[in-house]
Amino acid sequence: FVVLKFFKLFVTGHSLGGGLANLFAFKCAQLKAKNDESVSHLPEKIRTMTFAAPVVGNVDYNKEFQALEKKGVLRHIRIANEGDVVPTNGIFFPLSLGVKGDTNEYIQNGVNLFLHPDKELVIDYGNTKSCASQFRGTGSLPIHGLIEYEKRLALPENKKFYQQNVEDIYEAACGFSNKE
């Protein structure tokens, strides 16, 4: 069969799919950095964009994640709505019944586009939020949906950010870039 290297790979997902996209992109980038034959057909850069992704990594995971980012092998744009409890840590009872382990040990990775309902988004690296800081009671449920994400992304004050590419956003948020 013919292997083409002239393509880009973008990994994406919402909610649990976003957490899985994070893990998949990380593993692919890890293997790329080791020149593993199993990922030789993939592009040199692994890019992922997640929406409302739960926190999936602890401190050790994030150290390795950041090393791959600094090498330019991995990029993660993580989009989260203000008021969405899914992309948080410190999950409290009764929400914690659905989670195994201490969620305080987990921290977000990648560049976060933090979307507000009525003002300009904030770009920051990591930007882990606690569940308590985002909890809005039953009002949190619709905030997690893709319709609300789409609405906030479409705010006129956010349009200027869409003129930037991933490397520009990384350079602004964390000071490093590997522009092609």
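View 1. Cys174 is partly exposed because its relative accessible area is 25%, whereas Cys28 is buried, with a relative accessibility of 6%. Buried denotes a relative accessible area under 20%, exposed one over 50%, and partly exposed the range in between (1.4 Å probe, protein chains only). Zero disulfides (cysteine sulfur pairs within 2.5 Å) are found in a search of the whole structure. The model is predicted: local features require pLDDT of at least 70 and side-chain atom pairs pLDDT 80 or more, while totals for chains, interfaces and linings use all residues. Residues are numbered from 1 along each chain as its sequence is written, and side-chain values use heavy atoms, without hydrogens and water.

View 2. Helices (H or I, at least four residues) and strands (E, at least two) are DSSP runs numbered from the N terminus; angles run from 0 to 180 degrees between N-to-C directions of lines fitted to C-alpha atoms.

**View 3. Strand 5 and strand 6 form a hairpin.** Six residues separate the two strands of the hairpin. Strand 5 pairs with strand 6 (residues 122–125) in the antiparallel sense over four bridges; pairing requires at least two DSSP bridges. Within this arrangement, Phe114 stands opposite Val122 of strand 6.

View 4. With neighbours within four places in sequence left aside, Asn81 is in contact (heavy atoms within 4.5 Å) with Phe114, Leu115, Gln134, Ile143, Glu148, Tyr149 and Arg152.

**View 5. Asn109 is buried in the loop between strand 4 and strand 5.** This loop runs between strand 4 (88–89) and strand 5 (111–115). Asn109 is classed as buried because its relative accessibility is 1%. Apart from neighbours within four places in sequence, the contacts of Asn109 are Asn22, Tyr61, Asn62, Phe65, His76 and Arg78.

**View 6. Phe51 and Tyr149 belong to one of five aromatic pairs in the structure.** Rings of Phe, Tyr and Trp (its six-membered ring) pair with centres within 6.5 Å; planes under 30 degrees apart are stacked, over 60 edge-to-face, and the rest tilted. Phe51 and Tyr149 are edge-to-face, at 6.3 Å centre to centre with 85 degrees between the planes. Because Phe51 lies in strand 2 and Tyr149 in helix 5, the pair ties together parts 98 residues apart in sequence. Phe51 and Tyr149 are both buried.

**View 7. Phe92 and Phe135 form an edge-to-face pair.** The ring centres of Phe92 and Phe135 are 5.3 Å apart and the planes stand at 90 degrees. The pair links distant parts of the chain, 43 residues apart: Phe92 lies in the loop between strand 4 and strand 5, and Phe135 in the loop between helix 3 (131–134) and helix 4 (140–143). Phe92 is partly exposed at 27% relative accessibility, and Phe135 is partly exposed at 37%.
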